[in-house]
Amino acid sequence: MRTEPLLAVRDLDVVFDTARGRVPAVRGVSFDLAPGEVLGLVGESGSGKSTVLSAVMRLLPGVAVAGARRLEFQGTDLMALNAAGLRGVRGTGIGLIPQRPMTSLSQVTPLRKQLRWFLGDMPQSEVEDLLGQVGLRAVAERLDGYPFEFSGGQLQRLLIMLSALARRPSLLLADEPTTTLDATVQAQVLRLILDLRERLGLGVVFVSHDLGVIAQVCDRVGVMYAGRLVETAPIGELFDHPRHPYTRALLRALPSRYRRGERIAVIGGTAAGANRLPGCPFAPRCPRAEARCREQEPEARQTGGAVVRCHFPEDAAGARNTTEAAA
Ligand SMILES: Nc1ncnc2c1ncn2[C@@H]1O[C@H](COP(=O)(O)OP(=O)(O)O)[C@@H](O)[C@H]1O
Ligand SMILES: [Mg+2]
């Protein structure tokens, strides 16, 4: 029996209409998220990850034009919601953990007052219980302080508490939630997110430019390049049988603790302008590209357990051959 997806995205397109021209930031992105599943979105800066999350939250700026064949949360068409419907879904249905905790809080208002904006007149004992659940019980006495008096890790835990615990959403969108934190605190925050998934059965879309972080928390991963989802696969399959040349380049660029005896490689070239190319956006940097790749954009195709946009997706043996050829 198939379970109804928590989130269904089909052919999502987002174009930013700017003074310097139209930027196709997200192009034909499709994925499903099952209840309780953690899906990672990985890709370099500018590949469209945050724009996907903003489109789901219907928080795109006015210069953006978004369209999708389907954008549904628990069977509700998000594109069709009016302002009141959106307010209902945001917070209580879908929670968002922002990238920079500092910029999401007012710097001139004591935390206690800001908590009240989110939590209403929740009794102090319940507030303390929530704080305890994110490892912040000790902070309960310091709530009259301002955000700058707390560490980045503490503020991120607080925002996770507000977005994931206080209103009990069933979907959590996390936009590089640990990027600004140092390694130890990053590991604690990742564990906290996994713990919440475990206890509350939350579905999570976890965005990061770091495949190493994605590998620690995600069941499945979507690799984005120039606005396209170029490969989506279960995390184990992605590491064992990467099929898109860009996925393989990302894996080679990982520190060795995630790989087995390969050198660190840097991906040459840049993705700038790739979203306007007629063929495959990765063709200019791809070691395998042929004339067809520069002329015709590949469709998304099911290959093994993965969905791949490549004219020449590799099976496991082929991947090894190409890696050797490129080395
Ligand atoms: N408000 C905006 N106005 C114009 N272009 C934007 C805006 N936000 C994002 N973009 C462009 O959309 C593309 C995708 O950006 P983004 O979703 O932020 O990528 P990522 O989160 O993967 O770094 C980039 O080319 C970026 O410059
Ligand atoms: Mg981003």
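**View 1. Buried area between domain 1 and domain 2 in the predicted model.** Domain 1 and domain 2 together bury about 980 Å² between them, and carbon and sulfur atoms account for 47% of that area. On the side of domain 1, the residues that lose the most area to domain 2 are Arg27, Glu44 and Leu211. Together Arg27, Glu44 and Leu211 make up 51% of what the domain 1 side buries.

**View 2. The two domains of the protein chain.** The domain assignment places residues 7-218 in domain 1 and residues 243-326 in domain 2. Between the C-alpha centres of domain 1 and domain 2 the distance is 29 Å. Domain 1 brings 12 residues to the contact, and domain 2 brings 13 residues.

**View 3. Polar contacts of ligand 1 with Gly46, Lys49 and Ser50.** A backbone N or O atom of Gly46 is 2.7 Å from an oxygen atom of ligand 1. In the side chain of Lys49, an N or O atom lies 2.8 Å from an oxygen atom of the ligand. For Ser50, a polar side-chain atom is found 2.9 Å from an oxygen atom of ligand 1. Ligand 1 taken alone exposes 560 Å², of which the protein buries 65%.

**View 4. The shell of residues around ligand 1.** Ligand 1 is surrounded by 13 residues, and the closest are Gly46, Gly48, Lys49, Ser50 and Thr51. By class, the shell holds four nonpolar, seven polar and two charged residues. Helix 1 gives the most to this shell, with three residues.

**View 5. Elements that contribute to the shell around ligand 1.** Two or more residues of the shell come from each of strand 1 (7-18), strand 2 (21-33) and helix 1 (49-57).

Methods. Residues numbered from 1 in each chain as written. Chains lettered and ligands numbered in written order. Predicted model: local features only at pLDDT ≥ 70, side-chain atom pairs only at ≥ 80, totals over all residues. Heavy atoms only, no water. Near = heavy atom within 4 Å. Polar contact = N/O pair within 3.5 Å; in protein donor to acceptor, adjacent residues only side chain to side chain. Areas by Shrake-Rupley, 256 points an atom, 1.4 Å probe, with all protein chains shown as cover. Helix = DSSP H or I, 4+ residues; strand = E, 2+ residues; numbered from the N terminus. Nonpolar A, V, L, I, M, F, W, Y, C, P; charged D, E, K, R; others polar. Domains from an automatic or database assignment. Contact = heavy atoms within 4.5 Å. Buried area = accessible area lost by both parts, 1.4 Å probe.
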